[in-house]
Amino acid sequence: MKDFLKIAAGLVMVAMISLTSCQSEKGLKISAKSLPAELNGANVMVMPEGGEPTDTVVIADGAFNLAVNAEEVGVWHLVMNDQYLLVFFSEQGKLEVVPVANEEGVVTSYEFAGDPSLLTIQYSQIQKELTAISEPFYTKLQALDKEIRETNEDGRPTEEQYNRVMAVQEEYVEAINDKLSKSYEAHKDDAIGTVLFPQLQFEGDAEFIAAYEAANDKVKENEHLVRRYETALKAQETSVGRTYKDFEMDNGEGETRALSSFMNGEDYLLIDFFASWCGPCRRSIPEIAKLNDNYGKRGLNILSIGTWENSGTDDAGVALTNHQVAVKDWGITWDHYYDSKNVGATEYGVPGIPMLLLISPEGEILVRTHSVADVKVKLEELLHL
């Protein structure tokens, strides 16, 4: 009986040791063994996306060891001397930070090495493939830039050169987005997909909305994407062919006015969302002025709505003044109103300014664009100037 108890006690002890050993292996271990000597003394830390550092060490003899113990797999950053160095995922396993040198032996970057099954290593491979795709396009653009500078005294491209540059850029975006899309599809249910989704390019609001709604919960927790989704929904509600949405504007001086009060049931209404700090908005004003000159007495009313003035200041008085100065200095002589609470931009899902909407006398949205030229084409069709 005593022998049996000894054996049982021994088995319990072995089990406890095994359990302790397993527990010590949980989490992620990050190490480095061969960093350049000039990094000795540098601080290295790990921190979750949007959070605070959880572990910090100092590099000594080209080495360091860090640990990450997170409750779930998430996006983390390896930070060196307050500079973001690498992205990784808080999974169980081991990662080693290794230097990457160029042909001359000079260290130009760092990467993770580890088990290929780790999400971090898979993500690193995706980044390498994206870099490989990008390099030929960078080479083409550098060559074009050199050609432009050598053949044009003012350094500005000819129309033909500009078109070539745009063609290369469009081809580049398409190639990168193709790779990102395929990688996202392979990882849409894990943490890599959470990182890749914000990098995807979508053809219009409908495609983005569909992708967002099908994405994992972590993607939907991204505050930037939530705002983009809400804006896209509003934009769809006020897209071409829809009926315009009325709203009340507070001008910051105790007065309010509804959008509908600028419509008379007989004329077309062109709405121009702008802000005093917006360079493209200012450049569009002379073209809008031409529309006013050509169509103002032929069935077109124009309303410039000041919005997002609080993007540059927390002082409501300063924001109002900035709007008023822009109206005067830019020569806005047609109807204008300051929407101090940005209600219109929100209701119409405005993603950027200037934003122009042409509304029919019956209230149908006929044009939604950033370009005055698009409005001009439609007005020529409608009013036969």
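This is a predicted model: local features need pLDDT of at least 70, side-chain atom pairs count only at pLDDT 80 or more; totals for chains, interfaces and linings use all residues.
Figure 1. An α-helix has 3.6 residues a turn, so residues three or four places apart point the same way. A search of the whole structure finds 15 aromatic pairs. In the pair formed by phenylalanine 208 and tyrosine 212, the ring centres are 5.9 Å apart and the planes stand at 35 degrees, so the pair is tilted. Ring pairs also link these two residues with Tyr184, Phe197, Phe202 and Tyr229 into a cluster.

**Figure 2. The buried face of α5 and its cover.** Phe208, Ile209 and Tyr212 are buried in α5. Seen down the axis of this helix, its buried residues fall within an arc of 100 degrees, so they line one face of the helix. What covers the buried residues of α5 includes α6 (217-220) and α7 (223-237).

**Figure 3. Two arginines placed over aromatic rings.** The charged end of arginine 228 sits over the ring of phenylalanine 208, at 4.2 Å from the ring centre. Elsewhere in the chain, arginine 257 lies over the face of phenylalanine 262, and here the distance to the ring centre is 3.7 Å.

Figure 4. When its neighbours within four places in sequence are left aside, phenylalanine 273 is in contact with residues including Cys281, Ile305, Tyr348, Val350, Ile353, Pro354, Met355 and Leu357.

Figure 5. The peptide bond from isoleucine 353 to proline 354 is cis, with omega near 5 degrees, and proline 354 is found in the loop between α10 (343-347) and β14. Strands β14 and β15 pair in the antiparallel sense over 4 bridges, and within this pairing leucine 358 stands opposite valine 367 in β15. The hairpin has 5 residues between the strands, and glycine 363 takes a positive phi near 100 degrees there. Of the 5 residues of β15, 4 are buried, so this strand is largely enclosed by the rest of the structure.

**Figure 6. Strand β5 between two antiparallel partners.** Strand β5, residues 75-80, is mostly covered, with 6 of its 6 residues buried. Val75, His77 and Val79 point one way from the strand, whereas Trp76, Leu78 and Met80 point the other way. Strand β2 (residues 43-48) pairs with β5 in the antiparallel sense over 5 bridges, and methionine 45 stands opposite valine 79 in β5. Strand β6 (residues 83-89) also runs antiparallel to β5, joined to it by 6 bridges, and histidine 77 stands opposite valine 87 in β6.

**Figure 7. Positive phi angles in residues other than glycine.** The hairpin of β5 and β6 has 2 residues between the strands, and asparagine 81 takes a positive phi near 50 degrees in this hairpin. Aspartate 82 lies in the loop between β5 and β6, and this residue has a positive phi of about 70 degrees although it is not a glycine; at 65% relative accessibility, aspartate 82 counts as exposed. Asparagine 342, which has its place in the loop between β13 (335-338) and α10, has a phi near 60 degrees, again a positive value in a residue other than glycine. Asparagine 342 is buried, with a relative accessible area of 12%.

**Figure 8. Valine 100 in strand β7.** Valine 100 is found in strand β7, which covers residues 93-101, and is partly exposed, with a relative accessible area of 25%. Apart from its neighbours within four places in sequence, valine 100 is in contact with Val106, Val107, Thr108, Ser109, Tyr110 and Glu111. The C-alpha atoms of valine 100 and valine 79 are separated by 17 Å, and the two residues are 21 residues apart along the chain.

Methods:
Residues are numbered from 1 along each chain as its sequence is written. Side-chain values use heavy atoms; hydrogens and water are left out. Rings of Phe, Tyr and Trp (its six-membered ring) pair if their centres lie within 6.5 Å; planes under 30 degrees apart count as stacked, over 60 as edge-to-face and the rest as tilted. A charge sits over a ring if NZ of Lys or CZ of Arg is within 6 Å of the ring centre and within 35 degrees of the ring normal. Buried means under 20% relative accessible area, exposed over 50%, partly exposed in between (1.4 Å probe, protein chains only). The arc is that of the directions from the helix axis to the C-beta atoms. Contact means heavy atoms within 4.5 Å. Two strands pair if DSSP finds at least two bridges between them.
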